[in-house]
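Visitor: I have a model open and want a quick tour. Can you walk me through it?
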Amino acid sequence: MTPGSVLVVGSGHAGFQLASSLRQHGFGEPICLINDEAHLPYQRPPLSKAYLKGAGGADTLMFRPDKFYREQNVELIADRAVAIDRARHRLLLASGASLQYGHLALATGARNRLLDIPNANLADVRYLRTLDESEALRLRIASARHVVVIGAGFIGLEFAATARAKGLEVDVIELGARVMARAVTAEISDFFQERHTAAGIRIHLGVQATSIESDGTVVTGVSLSDGRHVPADLVVVGVGVLPNVELAREAGLPVASGIIVDEQLLTADPDISAIGDCALFASPRFGGSLRLESVQNATDQARCVAARLTGDATTYDGLPWFWSDQGEDKLQIAGLTTGYDRVVVRGDREQRSFSAFCYKSGQLVGIESINRASDHVFGRRVLGLNRSIEPEQAADLSFDLKAALT
């Protein structure tokens, strides 16, 4: 590798997009993408959605076929980064090899938060983040009869809906007072809880799993903090993730709930950036620092770094947006609704087509939409322009949202 080369650690959405965007910007130096999975770089969202349902093979998940990397002169290295020698500008790999870099981009992502209760290491206690995990679950649910899902976040509920649609008995265990409580408003939580309950999913709120029960070899159920026992032959855990900050921390870079970066996504070392799920970034849009887990954040941050490395440095100011497919319903979120103090509903909940417009001190901060794509598109545009509409306008279906964009 040459002194001007870019090494990217991690081949998820952020890492792949950075390599691709660098070439799109005309970057002519070597690019190396460190990939620690036994697959070409792939999309993650379908793992808990279409792919888990059995739609298509693994090849349908790949960002690009193998020839793309050859044609774009992006070197894919199947290895794992284990240390950064910042003084010598070298990246050390698990194989014993080392690579020189001009700029190093850490797109190390996040990993599943593991369940820490008795018998959590049994074979039929599963997680869902990687292609291998999704493939194993896709095969396992074909023979399973009763699954307990621990955690009622996006991943847990997406899996629960798929398992129920395939005929499994499904129980969801959630410590919080409502489903997806950390991500959405009560209006959205209540809708999805009703939809999942109507589909035959049993949701247990305000309790936690205390142990996985077994007959010595296989899972037989889950014991709860209120003394109940829920039978199961499969347990799927979705209790959040932990950002992969160890590589940065051991190299002496500041970390907290992510790898700390500035408004241009640079670490304390001017030759090292961090992007995607692992990055705790300074945000002028929202004030303070935050870490986001979304495809939008990963790809937009990658584009920002690619622009900087090719001479067009700008502050990262991406507008967050997210989505979740649960059963027949699509949830789309524009903006961040943390700290909202007023919610206005637009649309018809009974028709399964409505949005929650979230306000903070009279200013629109986010829109959560169910089966209402036009509201989501409006939200991304109006929030991207740092504009707002009055709560009364949001609630009035006769008000033309497009008028606020002119």
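Predicted model: local features only at pLDDT ≥ 70, side-chain atom pairs only at ≥ 80, totals over all residues.

Visitor: Okay. Where does Ser273 sit?
Guide: Ser273 lies in strand β19, which covers residues 272–274.

Visitor: Buried or exposed, that Ser273?
Guide: Buried. Its relative accessible area is 0%. The cut-off for buried is under 20%, so Ser273 qualifies.

Visitor: What does the Ser273 side chain make a polar contact with?
Guide: The side chain of Arg308, at 2.8 Å. Arg308 is also among the residues Ser273 touches, along with His103, Leu104 and Val305.

Visitor: Switching to the core. Which residues have the most contacts inside the largest nonpolar one?
Guide: Leu106 and Phe159, in a core of 89 residues. A second, separate core has 19 residues, including Val148 and Ile173.

Visitor: Now α1. How many of its residues are buried?
Guide: 11 of 12, so to speak mostly covered. Among the elements covering them are β1 (6–9), β7 (103–106) and α8 (295–309).

Visitor: What span does α1 reach?
Guide: 16 Å from first C-alpha to last, close to the 16 Å expected. Just after α1, Gly26 takes a positive phi of about 85°.

Note on methods:
Residues numbered from 1 in each chain as written. Heavy atoms only, no water. Helix = DSSP H or I, 4+ residues; strand = E, 2+ residues; numbered from the N terminus. Buried < 20%, exposed > 50% of the residue type's maximum accessible area, 1.4 Å probe, protein only. Contact = heavy atoms within 4.5 Å. Polar contact = N/O pair within 3.5 Å; in protein donor to acceptor, adjacent residues only side chain to side chain. Core = buried A, V, L, I, M, F, W, Y, C linked by side-chain atoms within 4.5 Å. Expected span 1.5 Å × (residues − 1). Lists of a residue's contacts leave out its neighbours within four places in sequence.
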